[in-house]
Amino acid sequence: MLKIFPNPKTIIYEEGTLVFSPNFFVEFSHEPDEEYNFGVKKLVECVKEYTGAELSNKKGEDTTVISFLLDEDLQKEEYRIDVFDEEIVIRNSGYVSAFRAITTLNQVLKQCKTEIPQFTLVDKPDIENRGIMIDVSHAKVPKIEELKKLIDFMSEKHPEWKNSKFWQT
């Protein structure tokens, strides 16, 4: 059983395991823009760190494929991850849901390394605005550097929290 935070809406395990190949290839059903590339860069870093696989510029033997498919039937920020025996398919409604899926897949990679159980996972946030708020009426006003550190901490150290907002009152 995978430990994914926050708990996904549904996860159904299938028979079998995806064993990560020494190489992996990322493909898109559309032309990725800068926001997609930001998320994919994070995914590539995690795949390399947790599996030791190298990014390939083409599909081939000994290559695990990670496919991003735009799915207009999905709601805003909803995504679906299907892990098959040789491929991972990420269905998303746009770059935000793709990034959420990447965050979830990174948690899976961290736990499983090179052997990932086959599963289908569907998730979306319960509420639109998720994040932290600093109430400066009851505490000192943080310096800009402190705020930057906090935002970096939230996005780099704990992306699994899947925050969408930062407020300061």
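Lysine 113 lies in the loop between α2 and β7 (115-123). In this predicted model, local features need pLDDT of at least 70 and side-chain atom pairs count only at pLDDT 80 or more, while totals for chains, interfaces and linings use all residues. Residues are numbered from 1 along each chain as its sequence is written, and side-chain values use heavy atoms, with hydrogens and water left out. Helices (H or I, at least four residues) and strands (E, at least two) are DSSP runs, numbered from the N terminus.

**Backbone details in loops and ends**
- Lysine 113 is not a glycine, yet its phi is positive, at about 60 degrees.
- Lysine 113 is partly exposed, with a relative accessible area of 37%; buried means under 20%, exposed over 50%, and partly exposed in between (1.4 Å probe, protein chains only).
- Aspartate 62, in the loop between β3 and β4, also has a positive phi, near 55 degrees.
- Aspartate 62 is exposed, with a relative accessible area of 54%.
- Proline 6 is found in the segment before β1, and a cis peptide bond with omega of about -15 degrees joins phenylalanine 5 to proline 6.

**The sheet**
- Seven strands form an open sheet with mixed pairing, in the order β1-β7-β5-β6-β4-β2-β3; two strands pair if DSSP finds at least two bridges between them.
- β1 (10-19) and β3 (54-55) each have a single partner strand and stand at the edges, so one side of each is left without a neighbour in the sheet.
- Strands of a sheet pair through backbone hydrogen bonds, either parallel or antiparallel.
- β4 (residues 63-70) and β6 (residues 87-92) run parallel and are joined by six bridges.
- Leucine 69 has arginine 91 of β6 as its bridge partner.

**The helices**
- α1 (residues 34-51) packs with α2 (residues 95-112) at an angle of about 5 degrees, and their axes are 9 Å apart.
- Axes are lines fitted to C-alpha atoms, for helices over the stretch in contact, and angles run from 0 to 180 degrees between N-to-C directions.
- The two helices are therefore roughly parallel to each other (under 35 degrees; over 145 is roughly antiparallel, 65 to 115 roughly perpendicular, and the rest oblique).
- Residues making the contact (heavy atoms within 4.5 Å) include Phe38, Leu43 and Val47 of α1 and Phe99, Ile102 and Leu105 of α2.
- By class, this contact has 13 nonpolar, three polar and three charged residues; Ala, Val, Leu, Ile, Met, Phe, Trp, Tyr, Cys and Pro count as nonpolar, Asp, Glu, Lys and Arg as charged, and the others, Gly among them, as polar.
- α1 also lies across β2 (23-28), β3, β4 and β6, running at about 165 degrees to β2.
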